[in-house]
Amino acid sequence: MSAANESNISKPSAASEQSSGAASTPSSTTPNSKNQEKNEAKRKAKMEKFLAKQAAMQAAAASTGAGASAKKEKKAKEARPAPAQKAAPAVVTPKGEKKDMREPMASAYDPAAVEASWYSWWEKQGFFDPQTGPNGEISPKGKFVISTPPPNVTGKLHIGHALFIAIQDALVRWNRMRGLTTLFVPGSDHAGISTQVVVEKQLWKQKITRHDLGREAFVDKVWEWKNEYGNTIMEQIRSLGASYDWNRERFTLDEVLTRATRETFVRLYDDGIIYRSSRLVNWCHKLNTTLSNLEVENLELPGRTLMTVPGYPANEKFEFGVLVHFAYQVEDSDERIVVATTRIETMLGDTAIAVHPEDARYKHLHGKYVVHPFVDRRIPIITDAEGVDMEFGTGAVKITPAHDHNDYQMGKRHNLEFINLLNEDGTYNNNAGPYSGMLRFRVRKQIVEDLKTKGLYVDTTENPMTVPICEKSKDIIEPMIKPQWWVKCKGLAEPAIQAVRDGRLEITPQTSENQWFSWLEDIQDWCVSRQLWWGHRIPAYFVRIAGQDNDPSDTNFWVVGRTDEEAQTRAAERFPGVEFTLEQDPDVLDTWFSSGLWPFAVMGWPENTEDFKKYYPTTLLETGWDILFFWVARMVMLGIYLTGEVPFSKVFCHAMVRDAHGRKMSKSLGNVIDPIDVVKGISLEDLSAKLDNGNLDPREVAKAKEGQRIDFPNGIPECGSDALRFTLCAYTSAGLDVNLNIMRVDGYRKFCNKLWNATRFALSNLGPDFVPTAQAVVTGKESLAERWILQRLNTAARDLNAALADMSFMPATTAVHGFWLYDLCDVYIEYIKPISEPEARASALQTLYTCLDQGLRMLHPFMPYITEELWQRLPRRASETAPSISLAAFPEPRDDYEDTQAVADFELALSIAKAGRSLAANYNVLSKSTFYIANGNDAVYSLNAAQAPGIATLIKGCQSITALKSGEAVPAGCAVVSINDEVSMHLLVRGRVDIDQEVSNIEKKVAKTVKLRDGLLTKINVPKYETTVPEDVREANSTKLSNYDAEIEALETAIKTFLTLKGSE
């Protein structure tokens, strides 16, 4: 018999025993089962699901509206409020110095205090520099190199940045601890359009435009802005714990990247890959620049929709989502041809009517003309089998080659005239005849009225359509003909496709690889010109010859140069003996052009630097799937062409971070989460204030504030960087979006508190004189519990390493979280409390130390701050030389820790403990409970007798446990649960339970559940239920019904058990 509450290992103070996570139960796997590992995985998966459900319930409770009772509302508000202003810590660590670990541990985990000071010490000590050999050589274990996707310098980090930092830094820290030479290169992107828009908005608050300042002064202003906010972003990145080598920090407009960008442009031009041509581009009138497809959002309209457009009064709306049908008069005939268009204003640029060559209705009109009603133009009727469907509409199609992508191709095929209607500001030019000077969408309205006047208007019908919208300005994008610089992509794409096919480049997940082939096989030429002032100015120069009126659209008068001097030399060679001046193209390059050079330019290319020779190609690119083509494909194409190497061997595409409801994060919804707000916590009032001070349209601020009130009624609690990082990794699964619930982050903050308390408790029991053994070797004298926990440590290390190698972050976090929570804290630490024999106690503490040391190392890639803080408080083995946990060896599976028999034997003890808890709960004997273990043979008796004291610690309220020998009678008045055919667990209930009262209580529960079930059956049994009720509702009702039936069955079984027990008295 053992007294469960007597322990020779002291307990921590009450403050450190506060609840810090959901209660859990050990596994009850049958000892001899072949499915132990499978059952264990199921158990952990269930617990993860339970925690997620609990978090969702808490979130729902937090957002309960006016219908909630005042008591519940008060409780919700008190749950986890945003933090009040904290007092400064008593001891302040100078920047770059190591924290003084002689200070006693706080009674509870405080993320701000824990995360303070460590980063500057890591950075000053050079722990993030590549760890190379004495002569700078790469480690024999290999290298792991990431050049991080550079965030835009347009303000502050968002949660998507936090996701890629959490993922990438976990991999970098893991590989660094494994002994590889690691390099994690930081940097930021100049973000041409975004940054220019932000600075222009700030200037406009003073009623100043960039044109008022002039190009040079405006660019200086942007640099000032970048230096302020760019540094803010870098500090935020530091706070998230990213272990970058800051000595190698790069910016896409710095000297190194500028040299690489100019070199690339000139080289591609010389090789005939870059050329200048007038072609269709995406034009934004609001920003006055071309846009890439990435910067264009496609707005789906179900039909007729009235919309406001930037540049027009807010009360002036225009019609979209319709087809306007009108007629063209056939020249010298009374006959008309009816056509239809979604953009009636473009008819002023029509240069053909196309019909199918086999369409009998129009064969007599082949080669004839129609007359334009508003401009002096004859329009030919042409035939085109490729672009015309004779079964659609009237079978006749108007062709506007200069303002429609499909028409552009037909115009090329038939050598049609390309008539540009638009000025860059959105007004119509002289080609529009009487509509010259009018804004484009006012032309849309007017032209319909004028067609009616001429009797040519036929009808307007609803038409679902897609409207291209500028991501930044929300302007309607217009296809326009502009002379621009283009990159021929077909030849660059083929090697990029082949690299994936032959395995030199791996893309994960598989869906992204399929998209890779689909997009690159149909790649179009890339327009790299942008009409901006902020960015890499295109190193191309127009040669204006004195006394001549040279045409800038003539490519013969353009030269390129890495420098102005080189351009001058090239121009002189092309036009010898001629007086000329050079005018550099005012446009800048697409931001993606310089970003496409990132993985090799950051290493010093085009120079053959030591970094380039050592660290290129890199190992991994981790990024969002949404820029797989716009950025990743271009890096691969340019990397192979310019360096002869694939720039990285693997691409991992993480998912999009959405809010807890699965919605895309949007400022207008108020659901955008700033990672720093999660780290530090923020009140609802301060969240709202950020909206007031932001760039959101005033009309959308109220809507956003309401969204914040619903999602964050108490603000966002302080969670710390470690909890946020761990959450994001725990959510990450290939191909699945991340629905971020702040309650889940707060749950992992509680997990940090559990770590804190467990380590504090362990240190109090190790004592100041504890000395760990020089090596973590097995002595052969370890108890069953020790052998079990070492085997669980081994399993966690094996699963964790395998998952990280596979970049499977969800199982990786599950492995280490499960070890700490379910194995170490919930079982082993509790189990060893009663140990009093000195040698056994010393051995148990050595094993505890091993688990703490190795467990912290396993957590470090995900939670760098708390693991460093706690590891620095542990005593060191004589063999340990690492000054920081970030450089300590990562745990690997060990043969001497493998002990499957120990697992089987100890799982029996855990099964007995679980059965005891179940009995105590079922019979409501929750204190001073007495248990008996019945054993079928001497072997299991010996095993369970030895484990009885530990089993008692795992059953709350247990007063005593007695292991009975084979054949020894169980005292009368006991309830029983069978563990297996040799072992059963008995709880003494006689005299402890009012059976009649318990039966009465259960009968009331049965009646209540039956009433709920019958009510649901009434709904289900209505006529036409299967055909009128949505499938998802029917499935939910079916699940509810099954749950009610199961609950009724369980309650009735409990009644029978009580009545059986009563009969035995």
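A: Start at one pair of residues. Val 487 has Trp 526 as its bridge partner in E21. This is a predicted model.

Strand E19 covers residues 478-487. Two bridges join E19 to E21, and the two strands run antiparallel. Both belong to an open sheet of four strands, in the order E7-E6-E19-E21, with antiparallel pairing. The edges are strand E7 (289-291) and strand E21 (526-527), each of which pairs on one side only.

Now look along E19 to Lys 482. Lys 482 forms a salt bridge with Glu 424, and the closest N and O atoms are 2.4 Å apart. Lys 482 lies in strand E19 while Glu 424 sits in the loop between H10 and helix H11 (440-453), so the pair ties together parts that are 58 residues apart in sequence. Lys 482 is buried, at 12% relative accessible area. Glu 424 is partly exposed, at 38%.

Glu 386 and Arg 413 meet through their side chains in a salt bridge, 3.5 Å from N to O. Glu 386 counts as exposed, with 64% relative accessibility. Arg 413 counts as partly exposed, with 38%.

Why can such pairs form? Side chains of opposite charge can pair when their charged atoms come close.

For contrast, turn to helix H27 (residues 864-873). Arg 873 and Glu 869 both lie in this helix, four residues apart, about one turn. Their side chains meet in a salt bridge of 4.0 Å, N to O. Arg 873 counts as buried at 17% relative accessibility, and Glu 869 is buried at 6%. Elsewhere, salt bridges that share partners join Glu 263, Arg 267, Asp 270, Arg 562, Glu 566 and Arg 570 into one network. The whole structure has 61 salt bridges.

Cys 284 is in none, and the nearest cysteine sulfur, that of Cys 470, is 3.8 Å away. Cys 284 is buried, at 0% relative accessibility.

Of the 1065 residues, 53% count as buried. Among contacts with a separation of 6 or more, 78% involve residues 24 or more positions apart. The accessible surface comes to about 47,300 Å², and carbon and sulfur atoms hold 50% of that area.

How values were computed. Residues numbered from 1 in each chain as written. Predicted model: local features only at pLDDT ≥ 70, side-chain atom pairs only at ≥ 80, totals over all residues. Heavy atoms only, no water. Buried < 20%, exposed > 50% of the residue type's maximum accessible area, 1.4 Å probe, protein only. Contact = heavy atoms within 4.5 Å. Areas by Shrake-Rupley, 256 points an atom, 1.4 Å probe, with all protein chains shown as cover. Disulfide = S-S within 2.5 Å. Pairing = 2+ DSSP bridges.
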